[in-house]
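Thanks for asking me to look this one over. My notes follow as numbered points.

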Amino acid sequence: MSENPGSAGDPVILEWVQAALAGDHDAFAELVYTYQDSVYNLCYRILSDPAEAEDAAQEAFLRAYTNLSRYDPARSFKTWVLTIASNYCIDRLRRRRMRMVSMDDDDDPTSPSLTLSDDRPQPEAEMLSIEQSEAVQLLLEQLPSEYRAAVVLRYWYDYSYVEIASILNTTESAIKSRLFRARQMLAEKLDSAAVGALSALLEM
Amino acid sequence: MTNERGRRLMHEALDDRLGVEAQQELRSRLETDPQEAFEYERLRAVDEMLKSAPFERAPQYLAVRIMARLADELQRGRLNPLSGTALAVGLALGTLTLLPLLVSAVYLLVTAVGSATFFNSVLQFITGVASVGAAAILGLVESAQALISGSPILPVGLLILIPVGVVWLARLSRQRPASEQKS
């Protein structure tokens, strides 16, 4: 599931960055093609909405383009662009929460595993993967934005505490504590989801 | 009951950060304490679930849409990597040009009107404005004194109104804005 963080100073990437800085749009397109999946997955896992995630991914790449001259070649380009994307998504999530009318009532997920978004026939493995992805997403939604970002960077990108701290502009101990609390919270949510699924089965 | 040390060991085990001794300590704790063993199993379930969650691929044509948006924004001049630098340089140049001009203008003004008569008139103007203000305040105080001497019940009424006003303000400050309440 997780991707390798990608090494800093990759000559091909640096060449594309230099060319993009010189005004070569094709070189920037190569960077977009290379990192679009990583950026999109991060945005989707933090924002939990495919349309918003796509918009956020676009915004992250536009910001990367605007600030390309500030990119430090000693750092991995992927980490740099993921830093832009995660900060943007956290801000966006905070703004969304300020706007939201209510999030605590009827739509509390009781059983993530019972949720399916699509009725069309699909191959079994693909369907299971979608179910699993949505179940995880429902649980992630219960976490505060900073915790969610730390969990996503740890589990989907395999970043170390230090790297996550650098991306989220905080300390290593703060990341340790966020992951610690996030796991505790997820374990509690998972318990209540399991209880919900069990009672739903008993009522059938 | 799981203590902080036990929890820390569990989380570090999940992140593969435990040394051999710490691993042994955790193992013995889990063997002797069923509560800790239960909690570790819960955390491991979360860990496994997250580790096995799939990686969401970008929608088809996302890169194409990004490049189209980039081209559009560049065309409209809203995105230019150099615009920030250009603005900063422009501001710096503007300040550098304007600063000597401003200093020269102030110097010319002071030397042109730099006489004792000018400063005297300025001081007279300031003291005049201040004395008008003081006279207005004095007038207000005198009319308040006249009002109180005419009706002695008024100060008592005012004194009663003060705590009422304080309570009203306190209640008002406790009411959060509607948007905040909703979130």
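1. Cysteines first: a disulfide here is a pair of cysteine sulfur atoms within 2.5 Å. By that rule the structure holds zero disulfides over all chains. The pair to look at is A:C43 and A:C89: the sulfur of A:C43 is 3.5 Å from its closest cysteine sulfur, the one in A:C89, which is too far for a bond. A:C43 is buried at 0% relative accessible area (buried is under 20%, exposed over 50%, partly exposed in between, with a 1.4 Å probe and protein chains only). A:C89 is buried as well, at 0%.

2. A word on the ground rules. This is a predicted model, in which local features need pLDDT of at least 70 and side-chain atom pairs count only at pLDDT 80 or more, while totals for chains, interfaces and linings use all residues. Residues are numbered from 1 along each chain as its sequence is written, chains are lettered from A and ligands numbered from 1 in the order in which they are written, and side-chain values use heavy atoms, leaving out hydrogens and water.

3. Chain B has eight helices and zero strands (DSSP runs numbered from the N terminus: H or I of at least four residues for helices, E of at least two for strands). Of its 183 residues, 20% count as buried. Chain B exposes about 13,500 Å², with carbon and sulfur atoms supplying 68% of that (Shrake-Rupley method, 1.4 Å probe; for residues, only the protein chains shown count as cover).

4. Which elements give two or more residues to the nonpolar patch on chain B? The patch, including B:L147, B:I153 and B:V164, has about 850 Å² of accessible area together. Its contributors at that level are α6 (116-150) and α7 (153-174) of chain B, and α7(B) supplies the largest share, seven residues. B:I153 sits in helix α7 of chain B and is exposed at 65%. Patch residues have over 30% relative accessible area and no salt bridge; like charges are joined within 9 Å, nonpolar side chains (Val, Leu, Ile, Met, Phe, Trp, Tyr) within 5 Å.

5. Over all chains there are 26 salt bridges, each a side-chain nitrogen of Lys or Arg within 4 Å of a carboxyl oxygen of Asp or Glu. One of them joins A:D37 to B:R57, with the closest N and O atoms 3.4 Å apart. This pair crosses between chains, from helix α2 (residues 25-47) of chain A to the loop between α3 (34-51) and α4 (62-75) of chain B.

6. Within chain B, B:R29 and B:E36 meet in a salt bridge at 2.9 Å, N to O, and both are buried.
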